[in-house]
Amino acid sequence: MSTDNVLIYIVRHDLRVSDNPVLYHLASTPDHGFTHILPLHVLLPHQIEVSGFLKEGTQSPFAEARGEVGRYWRCGPHRAKFIAQSIWNLKENLDKLGSDLTIRIGRYDDVLKTLIGGLRDNDIKVGGVWTIEEEGFEEKRDEKTITKTCSGLGVDCRVWVDEKYFVDDRDLKLDTPQDLPDVFTTYRKMMEPLREKPRATLPTPSKDALSKLEEPKIPSQASPFEIPSSYDEFEEALLRPVSSVLSEVPPFPEGAKSAHPFRGGEDSAHSRLDHLVKSGSAYSYKSSRNGLLGSDFSTKLSAYLAQGCITARQIHERLVVYEDGKDESVAEAQGYGDGENEGTKAIRFELLWRDYMRLCNRKFKGKLFLRSGFRDDHANKWKSAKEEEITEGQELSADEVSRLVKRVFDGTTGMGLIDASQRELLHTGYTSNRARQNVASFLSKHLCIDWRYGAEWYEMLLVDYDVSSNWANWQYVAGVGNDPRGEARIFNPVKQAFDYDKEGEYVRCWVPEVRKLEKLENVFQAWTTPKEDWDRLGLAGLTMAEDPIKKIDFSVEGKPKSSRRPFVRRRGQGRGGSGQAPQTATTPQPPTGPSTSGRVADGQQGSGGSAHNTIENPRGGPRGGRGYGGGYRGRGFRGPRGGYRGARGPSSGYGRPPPLSVPSVPSAHPAQQQMAPAEQTQ
């Protein structure tokens, strides 16, 4: 009888061999009792589209991996490629250690039953299934599925603490998730000094420390799917179903370059980190992080952190070695050996913000996906493109809102900064933190469109998508999250463009239609160009000029055209915000109303109870209070002069596959004025 005793290690968002608690334990504990380790990565059909792996002539047993609000793909081509590279790099690195990575497709219960059953048929015992915990509604549901399946098969299951974050969960000063402060500043002060908080990293296992189970003994992928044996075929299968997202995007602008030209994987993550230190980018991070063009204005480590290719404490440790002058290979870097500087301090600050978003996910759970947000804000102010979510008071039809959303995402709004960001995102899978904030504010506060359309769109296109960071940050900017200022924080995208794109280089780069325009106010809003120059400058017939979604009156001096005194911000608790209640708008708020709970993941109805409190499946169905359109007065300046009236007419944006099919805004709203920016992590 065989003496094999196999451990299945389910690799989730921990695609690395270094600083990996499971691999380190197995390599450093000689009496763990297992003869072989079988690292397993499962492509989950509800989170990433897997139909590209189907055998010819077969159909997928799973529904398409699309979001519930906008019906966009859950994972688009940019992130799918990055994930493919990260998975394959882990496979290569495990091979260097004498191990391997098994890749499977399906639900965890089906995959484990097939795998464990097949191994037992080959007289091989499975002594345990280990995985690392994650935060999120679906992620916790998956963990329950794993533990329940293992219990039914009589296999021990262990869920490890996720150690890829800046402050280890075991070092938090929180007795329960509900003890997390609702304001980031309060949490930050609890954790300071940040340089002393992270635990030490764990070394990479030595070669042959992880015994490999020979492939012939491992059951193959269950039909109707098959796993390619080469990377090129693997990537092609992952990209094939979702590549149509970019089929109607115009040609890549001449002269433009991606700010995120990086490959996925652990090796690339550490190469990027080394570059940041050696080039001086880490030193200058605080002053450069609001940049818009180039690859070095921010760290670009977020995609690697999201997939677990690198850990926050590995970043911290590399910075400490540089700050303490203990690595001669970076001795020429600015600030070497001078201790913590403003740049490295700011990087730690942002890593802690990333931690905080994850802890908010843990605290608020399903509220992360509800339109009412962490604040339980059920005000009926949101426009929806879904007939079933429209309530009395929404002036635009579902089709009109749908066309409006499409123009925003296509980058044909006529608002230069917004359009440039959206086109950059379409082409590259990346856009800067500053641009993301402006887009989120424009969609949710200027246009009063359900912010979840934006969150799902970013989920599809961002190469660095992370469930906690994406959804919690969208809530933050939309005013339903844990920004102390809530609705009072509104970005003026014209002023923001003047502040952060001082020469108009960014907008001209990604919106070539405005490259001939000389004056910045024209670049940032093409409609402001004198009509007599439209033919000469190529603006005639352009939707963004003739039919802008919104017009904002703004002087070239960079100050809003308003005779009223601006909102005076009081410094207090919060992430650059105010702990005081915001000034109230002169326009009364719409009446609040009940929300509807979402559907359970398998399509069954949730349990009874108050609709406000029922969160059976926040990733399915309507996620929060239903709203109506109409005027929504910004709270930055009490009496902004003028408004806008967008001329009606057909849009001519790029075609998108989502069932949102998008308008010009037919009704006028007051110009929204800029408020203090909210910092976010990337």
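Biologist: Which residue caps the N-terminal end of α1?
Modeller: First, a heads-up: this is a predicted model, where local features need pLDDT of at least 70 and side-chain atom pairs count only at pLDDT 80 or more, while totals for chains, interfaces and linings use all residues. Residues are numbered from 1 along each chain as its sequence is written, and side-chain values use heavy atoms, leaving out hydrogens and water. Look at the backbone nitrogen of Val22, which has a side-chain oxygen 3.0 Å away; the residue that oxygen belongs to is Asn20.

Biologist: Which residues of α1 are buried?
Modeller: Buried means under 20% relative accessible area, exposed over 50%, and partly exposed in between (1.4 Å probe, protein chains only). The cover over the buried residues of α1 includes β1, β2, α2, β4 and β5. Those buried residues are Pro21, Val22, Leu23 and Leu26.

Biologist: Stepping back, how many helices and strands does the protein have?
Modeller: Here helices (H or I, at least four residues) and strands (E, at least two) are DSSP runs, numbered from the N terminus. Of the 682 residues, 63% count as buried. As for the elements, the tally is 21 helices and seven strands.

Biologist: Where do the side chains of β3 point, and are they buried or exposed?
Modeller: In a regular strand the side chains alternate between the two faces of the sheet. In β3 (residues 102-105), Thr102 and Arg104 point one way, with Ile103 and Ile105 pointing the other. As for cover, all of them are buried.

Biologist: Which helix does the chain pass through from β2 to β3?
Modeller: β2 (residues 36-43) and β3 run parallel and are joined by four bridges. The β-α-β crossover between them is right-handed: with the strands pointing away from the viewer, the path from the first strand over the helix to the second runs clockwise. The helix on that path, residues 77-96, is α2.

Biologist: Why does Arg272 count as buried?
Modeller: Arg272 sits in helix α7 (residues 266-279). Beyond residues up to four places away in sequence, Arg272 touches several others, including Phe262, Asp296 and Tyr304. Arg272 counts as buried because its relative accessibility is 4%.

Biologist: Which residue has its backbone oxygen 2.7 Å from a polar atom of the Arg272 side chain?
Modeller: A polar contact is a pair of N or O atoms within 3.5 Å; within protein, one must be able to donate a hydrogen and the other to accept it, and residues adjacent in sequence count only if both atoms are side-chain atoms. The backbone oxygen lying 2.7 Å from Arg272 belongs to Ser295.

Biologist: Which side chain does Gln496 make a polar contact with?
Modeller: Gln496 is in helix α17 (residues 493-500), where six of the eight residues are buried. At 1% relative accessibility, Gln496 counts as buried. At 3.0 Å, its polar contact is with the side chain of Asn438.

Biologist: How far apart in space are Ile315 and Asp274?
Modeller: Ile315 lies in helix α10 (residues 312-323) and is buried, with a relative accessible area of 2%. Ile315 and Asp274 are 41 residues apart in sequence. In space, C-alpha to C-alpha, they are apart by 9.6 Å.

Technical notes. Two strands pair if DSSP finds at least two bridges between them. Contact means heavy atoms within 4.5 Å.
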